[in-house]
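Visitor: Hi, I'd like to chat through this model. Can you show it to me?

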Amino acid sequence: MGYTETFVYLDDTNIYPALIDHTNLWNGQVLPGFTLDVVRQLAAHIEEAVELHGHDWYDQIKVIDGGPEPVVLHIRWQYLSDEPGTAANVVKPDADGRYWIGGWEWAWREAPDGPLFYTQNAAFEAWEQMLAESARRAGEIVRTQVPEATSALLCLHGLGHIARVEAAGGTGWPTGDDRDGDDGYGPFDTETLGEADEVLRKALDHGRDRTELEIGGWRRARDIGLPELHRIRFAPVGAEETGGGPLEKARERFTEARRKLLTESVPYLVADSRAACPDAGGIVIDPHADKPFVMFLVEDTGGEASTPVPGDIAEKVHDRLAGLLAFKPTGDDLTACGWTESPQPHLDGAYVLVFPTE
């Protein structure tokens, strides 16, 4: 068996350095071996989770010191009443001092990018917070006209706009009758509705993938048979209004998080690119395209010369860029993180990254 040093994780909170064999998998999950120091970290993190959620949800790992050598104990609390004989066992290290924990039981997954895992999660969390604050602020604006509004349905077509407002007591908009008035806007003036639309559009500027929006809290309106619309829930009626300040702070945090992701991803992008094209001195991308990779730069880092690379070889570069650009960084984001606009007229809208010299 050939072992690889990498990082693994169980959830979106922590990663652990481990040894794995890519040819030995369980239902697609890896079987990791840890050093004793890493086992101590794992035990501490599980202890925190148990304190929050209880023993029914988690196995526990205990490192017992005091004897001739540490003892690692794996406790399965859910088996204690029915199968007490299998509720706990000692995990013995192998000849190299590795502890193989959770194999054939836990859904360990590989995090090949290592510490970049945390930066990726931080960007996603900042994006989630920006979505939540956008929904809250849009609700405050809508309630100036419909005080009992509880949520809005957002259409993603075009720039994106509010298609419907839901309110307690059935006082939402549109009503489908004469109360909507000749202009169809009911209780709204176009300025107020436009202001709320603009808040939500700024959020959509940084990603409008339907599945991701659902994960971020903007749910598809399946319950009323309109899954093409997303429901944006407002703060509870009567909640204290906080104005636009928290939203601006959330936008600033998200800008910082996606720029950090752009910056810290460069070494990984360089490695992926040079694995496909060893002489690559840079890369050209179109950040607005479904396939953002355009070409590798070999002889001229000004955006002109390139070496053609078969599509399957560059696929990993495509995947890396897709994850990197998932939050739709702006041109200011890209230039702030070392990218430059392509000087070539035939590459309008493209950006160039010149790789750092080795």
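Visitor: Which residue takes a positive phi in the hairpin of E9 and E10?
Guide: That's Gly158, with a phi near 65 degrees, and the hairpin has five residues between the strands. By the way, this is a predicted model, where local features need pLDDT of at least 70, side-chain atom pairs count only at pLDDT 80 or more, and totals for chains, interfaces and linings use all residues. Residues are numbered from 1 along each chain as its sequence is written, and side-chain values use heavy atoms, with hydrogens and water left out.

Visitor: How many bridges join E9 to E10?
Guide: Six, and the two strands run antiparallel. Ala149 stands opposite Ala167 in E10. Two strands pair if DSSP finds at least two bridges between them.

Visitor: What order do the strands of that sheet come in?
Guide: E10-E9-E12-E11, four strands in an open sheet with antiparallel pairing. E10 (161-167) and E11 (219-221) are at the edges with a single partner strand each, so one side of each has no neighbour in the sheet. The twist averages 40 degrees from one strand to the next.

Visitor: And how many bridges join E11 to E12?
Guide: Three, again antiparallel, with E12 covering residues 226-233. Ala221 is the residue opposite Leu226 in E12.

Visitor: Which helix lies across E9, E10 and E12?
Guide: Helix H3 (residues 190-204), running at about 115 degrees to E10. Axes are lines fitted to C-alpha atoms, for helices over the stretch in contact, and angles run from 0 to 180 degrees between N-to-C directions. Contact means heavy atoms within 4.5 Å.

Visitor: New topic: which residues touch the most other members in the largest nonpolar core?
Guide: Val142, Ile162, Trp218, Ile283, Phe296, Leu321 and Trp339, out of 57 residues. Helix H2 (residues 116-142) gives the most to this core, with ten residues. A nonpolar core is a set of buried Ala, Val, Leu, Ile, Met, Phe, Trp, Tyr and Cys residues joined through side-chain atoms within 4.5 Å, and buried means under 20% relative accessible area, with exposed over 50% and partly exposed in between (1.4 Å probe, protein chains only).

Visitor: What is Trp218 in contact with?
Guide: Leaving aside neighbours within four places in sequence, its contacts include Leu131, Leu154, Leu200, His230 and Ile232. Apart from that core lies another, of 19 residues, among them Val8, Ile20, Ile61 and Trp108.

Visitor: OK, helices now. At what angle do H5 and H6 pack?
Guide: About 40 degrees, with the axes of H5 (residues 245-264) and H6 (residues 266-276) 5 Å apart. That makes H5 oblique to H6. Under 35 degrees counts as roughly parallel, over 145 as roughly antiparallel, 65 to 115 as roughly perpendicular and the rest as oblique.

Visitor: Which residues meet there?
Guide: Leu262, Thr263 and Glu264 in H5 meet Val266, Pro267 and Tyr268 in H6.

Visitor: Last one: how do E4 and E5 pair?
Guide: In the antiparallel sense, over five bridges, between residues 60-64 and residues 71-75. They form a hairpin with six residues between them, and Gly66 in the turn has a positive phi of about 115 degrees.
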